[in-house]
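Have a look at the structure first.

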Amino acid sequence: MNYACEACRISKLKCQSGPQPGICKRCSEFKRECVFRTGPRTRRPKGSRPEAETLPSPPGPSKTFSIDFTIPIDEDLHDDLDDLREKHERFIDDLVPSIEEDDPEDNLAMMSPSAGQTFDFSDLSMPTPSLTTASTASTHSRPVSSLGIKPQFNLDSAEKLLESFRSMLPYYPCIVLPDDADVRSMARGMPFVLLAILAVTSCSSSLQGHSLYDEEFRKVLGLKFVAGGERSLELLQGLIIYCAWYPFHLRPKNKQLIQYLRMAVDIVHDLELDEETDINFSAQSPERREIKLQTIRAYLSCFYNVSISSWSWSKPYTLRYTSWMAKCCDMLEQYSDLEQDHILAWLVRLQYISNEFEELHRGYKKPVTSEQNEHHRKFIRLGLETQLRDFQSKIPGHLSTTPSILMASLATDASILAAPLMQTLRPRADDTANPLIDASRLQAATYMARAFFDYVTSLPAEQIGYFCHADLGRLILTIILAYRLSFPLPMCPGYDYAQGRKVMDFGAVLDKLSVIDDDDDASSKTGGGSTKKVNVVIAFKVVLRSLKAKFDKKSAELEAAAAAAENHRRTHTCPMLDGSLDQYLPLWEGQQGNMNFASSSYATPSLNESTLSAAMNNPALSFGAGSGAAAAYPKPAVFHDLWATMTMGWAMDENMGEDVQADAGVPDLQDGEDYANLVRL
């Protein structure tokens, strides 16, 4: 450790490295947030002592705070055993009706209010808190701090993390964060939501440091959900926030995200948020209306988060898009004046189309029982495409250009055109009969993927760190789609992958997405050491660099295979069929005047100076009639057909014919009579 943390500096103890990078040993043991300053403390010069008023004030210790949680406890069943026995006896008596007629007076006594209520097994279960976030603080609860050491968080760093979360919230507007909300007020009113916000923002800024928030979140979640059996709206909101921005995409084989989403779905079912109810917003007070809007917002956010995970991994959907959910989207748009609620409603509608197309693709993997089923699937596909175009036309103009809606719309268009290829699982070889795999549709998907990449690369680099789980999932699936469309597809031989590579230019896109700027590299450095804190954006770019290396390697192999196939085709096929003699074909059509023989492989060899002098000194060579100077210079040979051009050098070898004749054992034919005698034989 080059510099001591604030806690060790105040205690005047040596700051030693702990088991986790970026956290000292003492802070790890005492559950304190380990905070380092950006540099050493300022010291006075050894020269003349300056005036007291000009000296800078020494930096004071940062303020700390803690978050208090309570969990429900089981009621002591041994306090009133007689009441417990009476409830069971009444329940057993009601199982089998009595043979004797009951006395009417006894019936009236049983129906009187003073009599005990009818027993239900739910009476022995944990009472479910109400939907209000303050319901956890009740008389039947105990503080979480009694189970261990209460962690101490740094107030300044928590305020910065909360302010950073405000920039992330527009990409996934799952909660409403008031403008005047600060760390202290949220620690009193919404402690679990605050802990979830601090956990995801600290992990987004650094994957090594600030693990204290993450550990505390998991511990409190386990105590509340499992040990305490709590089912509250605040617990659901905290789970949604944690699943939306925690970097699970860097560990895709980790199953924790699926477990957390199952917890969220269980809370939705237990709170009966997915059951249709009659809500009259006009007759409710503003407080009750806000509570109802919170429940609708949490219900839609849970569906959106669960659907993205199921759509990415082609898993069954545990939360379905129903008529009640469509009604919730309409009510959120109608009764909420917040723009983020309108964005959430349109994100849910667009994701519903992607879910239906993914399920339709999974349906094609099953055998078709009749021709009617095939026509039914075709009508479903056309209906979904029409509904998507209707949704896109109804999105307001000021919302259609927001990053989350624009990326969702482009990704949905790409998934409709190439649903079997836009998935993490490898396509099967028997997908050739799938009507969703069409060469023209795949070619159109390349333009959608290019439009998606152009928009993402145009965004500032820091905004990629604000992407939620849904945005990163769409980006990853679009990258998978572009990677597959850049190479030949065995299930679609008619697809022109060369044109697809030209349209997408996937290699250049990977270069832009994987570049690490100096600002990112400088921001990842710690203030007190030479090590680097890797944040989510840098880790994602490192993964893309690995993908770029594999893409370049496979592209080189593809080009080498194409070149080898071209050479094999040229050497093992007829020259008239492989196209190598296409430039000479006009000679047969009398267009030799337009041909340039000087640049062709069969061009007439020019007479050099030695050949010209030998011809002039040899009187046996005659180039034509005439004498004198005109007869001494050879006339250029003019050929009017391709055969003469190709065989022009044969006449230069006078003895070639005789040698071939002698080697073949052909008798010497002096005249026509010898030839006639040879034919008679």
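This is a predicted model: local features need pLDDT of at least 70, side-chain atom pairs count only at pLDDT 80 or more; totals for chains, interfaces and linings use all residues.

Residues are numbered from 1 along each chain as its sequence is written, and side-chain values use heavy atoms, with hydrogens and water left out.

Searching the whole structure turns up 21 aromatic pairs (Phe, Tyr or six-membered Trp rings with centres within 6.5 Å; planes under 30 degrees apart are stacked, over 60 edge-to-face, the rest tilted). Take Y172 and Y304: their ring centres are 5.4 Å apart and their planes sit at 45°, so this pair is tilted. Y172 is in the loop between α5 (155-168) and α6 (183-189), while Y304 is in helix α11 (residues 286-313), so the pair ties together parts 132 residues apart in sequence. Helices here are DSSP runs (H or I, at least four residues), numbered from the N terminus. Both Y172 and Y304 are buried (under 20% relative accessible area, 1.4 Å probe, protein chains only).

There's also one aromatic cluster formed by F192, F217, Y242, Y246, F248 and Y260.

Next, charges over a ring (NZ of Lys or CZ of Arg within 6 Å of the ring centre and within 35 degrees of the ring normal):

| Charged residue | Ring | Distance to ring centre |
|---|---|---|
| R501 | F487 | 5.4 Å |
| K554 | F487 | 4.8 Å |

Finally, D341 lies in helix α13 (residues 339-364) and is buried, with a relative accessible area of 0%. The D341 side chain makes a polar contact with the R297 side chain (2.8 Å); that term means a pair of N or O atoms within 3.5 Å, where within protein one must be able to donate a hydrogen and the other to accept it, and residues adjacent in sequence count only if both atoms are side-chain atoms.

How values were computed:
Helices (H or I, at least four residues) and strands (E, at least two) are DSSP runs, numbered from the N terminus. Buried means under 20% relative accessible area, exposed over 50%, partly exposed in between (1.4 Å probe, protein chains only).
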